[in-house]
Amino acid sequence: MFCGGHGTLPTAHLYALAPRIMLSARHVSGSSGSAVASFPDRSGFGSSASQATGAKQPAIIRGGAKGPIVRFDGVDDFLQQETGTLAD
C-alpha cells in the first residue's frame with residue numbers, strides 16, 4: 001500500500017499509477033550501433049514502440065558501464081506507438 005503520511009491509497013488508485021509503458025534497452029536486439037526498429041514494452045500492456053523509416057530510427061549502443069542505451073540523434077529520430085510518440 002502507498003503511504004504518504006496521510007493514510008493509504010485505495011487499490012484502484014494504485015492501478016491508475018501503474019506504468020503503461022516500460023522500456024529497457026537491455027531488451028532491444030541488435031549489435032552496437034545498429035538501428036532500432038522496435039522497442040519492446042515490458043509493462044504487460046503491449047505498448048511497444050516502432051519506427052519503419054530507417055533514417056529516423058535511433059541506435060542501440062552497447063558496452064557502457066551501466067548497460068546498453070538507445071540513442072536518439074536529437075534531430076529526427078523517433079519511435080511511435082498507437083497512443084503517442086517517443087521523440088528526441
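**Confidence**

I started with confidence: the mean pLDDT of the protein chain is 81, and 70% of its residues reach 70 or more. For my own notes, pLDDT is the predictor's confidence in each residue, from 0 to 100. This is a predicted model, so I keep to its thresholds: local features need pLDDT of at least 70, side-chain atom pairs count only at pLDDT 80 or more, and totals for chains, interfaces and linings use all residues. Residues are numbered from 1 along each chain as its sequence is written, and side-chain values use heavy atoms, with hydrogens and water left out.

I then looked up where confidence is lowest and found helix 1 (residues 11–17), at a mean of 54, while strand 3 is highest, at 96. Over residues 1–6 the pLDDT is below 50, and beyond near neighbours in sequence this stretch has nine contacts in the model. A contact here means heavy atoms within 4.5 Å.

**Layout**

I read one helix and six strands in the protein chain, in the order α-β-β-β-β-β-β. Both kinds of element are DSSP runs numbered from the N terminus (helices: H or I, at least four residues; strands: E, at least two).

I noted that 39% of the contacts with a separation of 6 or more are between residues 24 or more positions apart. The accessible surface comes to about 5,900 Å², with 56% of it belonging to carbon and sulfur atoms; the areas come from the Shrake-Rupley method with a 1.4 Å probe, and for residues only the protein chains shown count as cover. Of the 88 residues, 22% count as buried, where buried means under 20% relative accessible area, exposed over 50%, and partly exposed in between (1.4 Å probe, protein chains only).

**Core**

Which residues make up the largest nonpolar core? I listed eight: Ala25, Val28, Val36, Phe39, Ala49, Ile60, Val70 and Leu79. Such a core is a set of buried Ala, Val, Leu, Ile, Met, Phe, Trp, Tyr and Cys residues joined through side-chain atoms within 4.5 Å. In soluble globular proteins, nonpolar side chains tend to be buried together.

**Loop between strands 1 and 2**

I found both Ser43 and Ser47 in the loop between strand 1 and strand 2. Ser43 counts as buried, because its relative accessibility is 19%. The side chains of Ser43 and Asp41 are joined by a polar contact of 2.8 Å (a pair of N or O atoms within 3.5 Å; within protein, one must be able to donate a hydrogen and the other to accept it, and residues adjacent in sequence count only if both atoms are side-chain atoms). The Ser43 side chain also reaches the backbone nitrogen of Phe45 at 3.2 Å.

Ser47 is buried too, at 14%. Not counting residues up to four places away in sequence, Ser47 touches Arg20, Ile21, Asp41 and Gln81.

**Gln51**

A polar atom of the Gln51 side chain lies 3.0 Å from the backbone oxygen of Phe78. Beyond four places in sequence, the residues that Gln51 touches include Ala37, Lys56 and Leu79.
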